[in-house]
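This report describes one protein chain for a reader who is new to structures. Please look at the sequence and the model first, then read on.

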Amino acid sequence: MKIEGTRGYMAPEFQASGLTTQKCDVYAFGVVILELVSGEEALRYVFDEGGGGYKRISVIERAREVMAVGGGELRKWVDKRMKDSYPVEVAEKMLLLGLECVDDDPEKRPDMGLVDGRVSRLYLESKNWAEKIGLPTDFSVSLAPR
């Protein structure tokens, strides 16, 4: 049986051995969390003016840079479509959770049950924040063409 994966979502140990584990799923989910927070794709390629070729940029690498710099860097990195309509503390906790999920060492990644519980708590925190400042939370938006 041959198992394939999508670049950017495959855990390092899966790429090395081809063996899947639950921790591989946690890794992929961590990438999705980082994509949702940032609005960036898992992997993208940008033209490198100096080298003349293309440079690969990973949402994981960018997330690690954002956390290393700290300060206001998180607000610049969060999906621009969010504007300022989100609690920064929750965005930071989601970023940290995403980074825990994509740790290079599978043993250091949390179990999916723990991830699920933390995401649920963060959702409730953000919902409470929205209710306190009076943001409407009972509508949906579609960006699809009509």
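Ser38 sits in helix α2, which covers residues 22-38. The model is a predicted one. With a relative accessibility of 5%, Ser38 counts as buried because the cut-off for that class is under 20%. Apart from its neighbours within four places in sequence, Ser38 is in contact with Val59, Trp77, Val78 and Asp79.

Helix α2 has 17 residues, and at 1.5 Å a residue these should span 24 Å. The C-alpha atoms at its ends are 25 Å apart, which agrees. Several residues of α2 are buried, including Cys24, Tyr27, Gly30, Leu34 and Ser38. What do the buried residues of α2 pack against? They pack against α1 (12-17), α3 (59-69), α4, α5 and α6 (112-133).

## The chain as a whole

The protein contains six helices and two strands. Along the sequence they follow the pattern α-α-β-β-α-α-α-α. Of its 146 residues, 32% count as buried. The protein exposes about 9,900 Å², and carbon and sulfur atoms supply 53% of that area. Among contacts between residues at least 6 apart in sequence, 54% join residues at least 24 apart.

The count of disulfides is zero.

## Salt bridges

Side chains of opposite charge can pair when their charged atoms come close. The count of salt bridges in this model is 10. The table gives three of them, with the distance between nitrogen and oxygen.

| Salt bridge | N to O distance |
|---|---|
| Lys23 and Asp111 | 3.2 Å |
| Arg64 and Asp104 | 3.9 Å |
| Arg75 and Asp84 | 2.7 Å |

The salt bridge between Lys23 and Asp111 links distant parts of the chain, since Lys23 is in helix α2 and Asp111 is in the loop between α5 and α6, 88 residues apart.

Arg64 forms its salt bridge with Asp104. Arg64 lies in helix α3 and Asp104 in the loop between α5 and α6, so this pair ties together parts that are 40 residues apart in sequence. Arg64 counts as partly exposed at 37% relative accessibility, and Asp104 is partly exposed at 49%.

In the pair of Arg75 and Asp84, Asp84 is exposed, with a relative accessible area of 53%. Arg75 counts as partly exposed at 43%.

## A backbone angle and a surface patch

Most residues other than glycine have a negative phi. Lys83 is not a glycine, yet its phi is positive, at about 50°. Where is Lys83 found? Lys83 is in the loop between α4 (73-77) and α5 (88-101). At 65% relative accessibility, Lys83 counts as exposed because the cut-off for that class is over 50%.

On the surface, Tyr45, Phe47 and Tyr54 form a nonpolar patch. Together they have about 400 Å² of accessible area. Tyr45 belongs to strand β1, which covers residues 43-47.

Notes. Residues numbered from 1 in each chain as written. Predicted model: local features only at pLDDT ≥ 70, side-chain atom pairs only at ≥ 80, totals over all residues. Heavy atoms only, no water. Patch = residues over 30% accessible without salt bridge, like charges linked within 9 Å, V, L, I, M, F, W, Y side chains within 5 Å. Areas by Shrake-Rupley, 256 points an atom, 1.4 Å probe, with all protein chains shown as cover. Salt bridge = Lys/Arg side-chain N within 4 Å of Asp/Glu carboxyl O. Helix = DSSP H or I, 4+ residues; strand = E, 2+ residues; numbered from the N terminus. Buried < 20%, exposed > 50% of the residue type's maximum accessible area, 1.4 Å probe, protein only. Contact = heavy atoms within 4.5 Å. Disulfide = S-S within 2.5 Å. Expected span 1.5 Å × (residues − 1).
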